Amino acid sequence: MVAFLVVSLTYPIVLKLARRWGIYDNPNIRKNQKDPVPVFGGVASFIGILVGITIGEFFFDPTLLSLTLASMTIMLVIGVWDDVKDISPVLRFLIEMAVVYLFMMMGGRYIDDFHGLWGVDQITLFKAIPLSLLAGVGIINATNLIDGINGYCSGFCIMSCALFGTFFICTGNLPMGCIAFICLGAILPFFIHNVFGKKSLMFLGDGGSLMMGMLMTAFVFNAITSVIDIDWFLEDGFGVVPFTLAVMSIPVFDTLRVMMGRILNNRSPFSPDRTHLHHVFLDLGFSHVGTTLSILAMNFFIVVLWFLAWKLGLSVDVQLYVVLAFGVLCVWGFYYFAKRHINRNTRTLRFLQSIAKYSHFENKPFWIALQRIVDRSVV
């Protein structure tokens, strides 16, 4: 609640500063906006996270809270630097690796336990460190790469914070549960302006998306690490690895597909293009809001399928296969299915386009009324 209130009050100030300093995301052939948009949204959310975690340190062990906050702060600074000056992808990648490595070494949190998946429990640090580095940097970039349309990245982070926060509270990891719900409260005001605002619109920018990517990495590491005692969950057949992959499924599978496609086409995996899942929804005629809701619904659907697999008593291995199968189906399957029909202008394409028309709320009276309310809050 404090984080939500702080961001709501400071958002107009941050917006004015972004405009005064000329920190904008300018339109180009790859961008989906027509006009320059300020990109300081991550800074606004960070202020609420900072205040919330500072208060949380009076109630919980501050070590884990401070380490997570410090890692997020570094990624925010790097991202804002990239928003303003455009640093090289290689330098950013190296910094991401260094931050993830320091988080692991200082916090003792790794992907070092499969919790019974394929009959494997704890693994040695010799294997855990490179695996965790690869996963951590991958999660950061996957979160960064979904920041392409209004509400998508922030909406995904809100959903993930709610799911991971509930998991941490149920397993007794109250510091991480505290962080999860603080971040949820801090992102929500930005999400409202990003989706409903016109004059008050701001983007997260690389600063915000990299910061949230580091948060997702911290969540995954803390959920999987052998340090946390979740034996009572495991006795009930809970698949920790399938759960974390289900929550992160759409960004992870979409990033893997995009980067593999770039490599197969003899391009850098970091080169920009319009081959993400949200681009195909836009090509079908969906609005930004319709695209965001559709993809988040896909992601939540995979989480629900994992939950049903767990509750039906399926093994941890089968839970993982369910997540993998539907993750590939929703991301790879739908992308190439839609692209095939877009290229051939089929009857199926026209059917999908007719559905997409219902996602355009921007000119509806209720939407305009909400937009005026949201915009008025920053004047």
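A residue is called buried under 20% relative accessible area, exposed over 50%, and partly exposed in between, using a 1.4 Å probe and protein chains only. Phe300 is partly exposed, with a relative accessible area of 42%.

This is a predicted model, in which local features need pLDDT of at least 70, side-chain atom pairs count only at pLDDT 80 or more, and totals for chains, interfaces and linings use all residues. Residues are numbered from 1 along each chain as its sequence is written, and side-chain values use heavy atoms, with hydrogens and water left out.

Phe300 lies in helix H13. Helices here are DSSP runs of H or I with at least four residues, numbered from the N terminus. Phe300 also belongs to a nonpolar patch on the surface, together with Trp118, Val304, Phe307, Leu308, Leu312, Leu314, Val318, Tyr321 and Leu324. Together these residues have about 910 Å² of accessible area, a value from the Shrake-Rupley method with a 1.4 Å probe, where only the protein chains shown count as cover. Two elements give two or more residues to the patch: helix H13 (288–311) and helix H14 (316–344). The largest share, four residues, comes from H13. To join such a patch, a residue needs over 30% relative accessible area and no salt bridge, and nonpolar side chains (Val, Leu, Ile, Met, Phe, Trp, Tyr) are joined within 5 Å, like charges within 9 Å. A salt bridge is a side-chain nitrogen of Lys or Arg within 4 Å of a carboxyl oxygen of Asp or Glu.

Now turn to helix H7. 18 of its 23 residues are buried, so H7 is largely enclosed by the rest of the structure. H7 bends by about 25° at Ile187, and Pro189 follows within four residues. The bend is the angle between axes fitted to the seven residues ending at a position and the seven starting there. Helix H10 (residues 240–247) has eight of its eight residues buried, so H10 too is largely enclosed. Among them are Pro242, Phe243 and Thr244.

Next, the cysteines. The structure holds zero disulfides, a disulfide being a pair of cysteine sulfur atoms within 2.5 Å. For Cys170, the nearest cysteine sulfur, that of Cys161, is 16 Å away.

Finally, look at the backbone. Most residues other than glycine have a negative phi. Asp86 has a positive phi of about 60° although it is not a glycine. Asp86 is found in the loop between helix H3 (62–85) and helix H4 (89–107), and is exposed at 63%. His115 has a positive phi near 50°, but counts as buried at 8% relative accessibility.
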